[in-house]
Amino acid sequence: MRTSPIPLAIFRPKLLLSDRARTLAWLGLMVLLWGLSWPATRIALDAVPPLWLAAIRFGSAALCLFAFVALRGRLAFPPRADWPIVASMGLLQMMTFTGLGMIAMTHVDTSRAVLLAYTTPLWGVIAGWMMHRNAPTRWQLLALAVGLAGVGLVCSPWEMDWSAPGTVMGAAFLLIGAICWSVVILHIKRHRWSASPLALAPWQMLLAAVPLSCFALALEGSPAAIAFDLRLLELLLFIGPVATSACFVISAEHGRRISTFAMSNFTLGVPLIGILASMLLLGNSLSPLFAAGLCLVFAGMLLAAMAAARARA
């Protein structure tokens, strides 16, 4: 007796909807974990020097990803064609952005740190203009003007105490890190991948962890002085294997299933969660001026994502 194909036709849209809902749920979890990693990092910095914390983060995440990729049978040395992107992501996005960011967080409160760090889309407009002669569109110029106005409010003398030791350096480190990340994003868009991003990720993290460890040993001394206890180990487990390696797997597996514009909007949730979590867990304040700057930065980032989507269309 022949079975009718009608039930399959009925259930196929439901299956597709279920797959999309699962993808959005995984990406929502990724954004939540990335956002929570900011206050977790600030708490861990009370016990671990910043460069050692960055080295431990990427060292532990690299070990986890090496094991994960090996279990899937995809562990291999990066092809020569992918060496530039391995170096770019490992040294600029991971080592420089994270190392400078963790140093900055010892001088700037976490809410302002996460906001300044995630101004990356704004600097991407300038970086594309300078590096690839991509003249910004009117939408991109509007995004840049709105976003930089927000940065100006957040960094204004009425909002940040510039006389406090390390404040200028901390804000500068965060903005330099964001600029480095924007350069990497441009490189990612133009790179022709031989291996998959997931297969290259452990090598990128290893490349970040090794020089970070050398800098930490030279500038911060031996890690033997760190007082490891259960609470600190839990924080390190969350910051490294969970919020770094596991989230990278989620991004690689599920981020490709939605549009770039949708993914850009998803990542806007990371600084928002980071700021809210810092207020709840660390007692960071949200002044009216900071709130206004926050709204302007988010508006600029959203406009930049919309401009990129219009350009691709």
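A residue counts as exposed when its relative accessible area is over 50%. Cys295 reaches 53%, so Cys295 is exposed. This is a predicted model. A search of the whole structure finds zero disulfides. Six aromatic pairs turn up.

**Cysteines**
- Cys247 is in no disulfide. The nearest cysteine sulfur belongs to Cys64, 12 Å away.
- Cys247 is buried because its relative accessibility is 0%.
- For Cys295, the closest cysteine sulfur is that of Cys155. The two sulfurs are 16 Å apart, too far for a bond.
- A disulfide needs its two sulfur atoms within 2.5 Å.

**Aromatic rings**
- The count of aromatic pairs is six. One of them joins Tyr118 and Trp181, with ring centres 5.5 Å apart. Their planes meet at 75°, so the pair is edge-to-face.
- This pair links distant parts of the chain, 63 residues apart. Tyr118 lies in the loop between helix 4 (110-117) and helix 5 (120-132). Trp181 lies in helix 7 (residues 167-190).
- Tyr118 is buried, at 12% relative accessibility. Trp181 is also buried, with a relative accessible area of 17%.
- Tyr118 and Trp181 form one aromatic cluster with Trp38 and Phe97.

**Charge over a ring**
- Arg112 places its charged end over the ring of Phe290. The distance to the ring centre is 4.7 Å.

**Pro84**
- Pro84 belongs to helix 3 (residues 83-104).
- With a relative accessible area of 43%, Pro84 is partly exposed.
- Pro84 and Gly152 are 68 residues apart along the chain. Their C-alpha atoms are separated by 34 Å.

Terms used:
Residues are numbered from 1 along each chain as its sequence is written. This is a predicted model: local features need pLDDT of at least 70, side-chain atom pairs count only at pLDDT 80 or more; totals for chains, interfaces and linings use all residues. Side-chain values use heavy atoms; hydrogens and water are left out. Buried means under 20% relative accessible area, exposed over 50%, partly exposed in between (1.4 Å probe, protein chains only). Helices (H or I, at least four residues) and strands (E, at least two) are DSSP runs, numbered from the N terminus. Rings of Phe, Tyr and Trp (its six-membered ring) pair if their centres lie within 6.5 Å; planes under 30 degrees apart count as stacked, over 60 as edge-to-face and the rest as tilted. A charge sits over a ring if NZ of Lys or CZ of Arg is within 6 Å of the ring centre and within 35 degrees of the ring normal.
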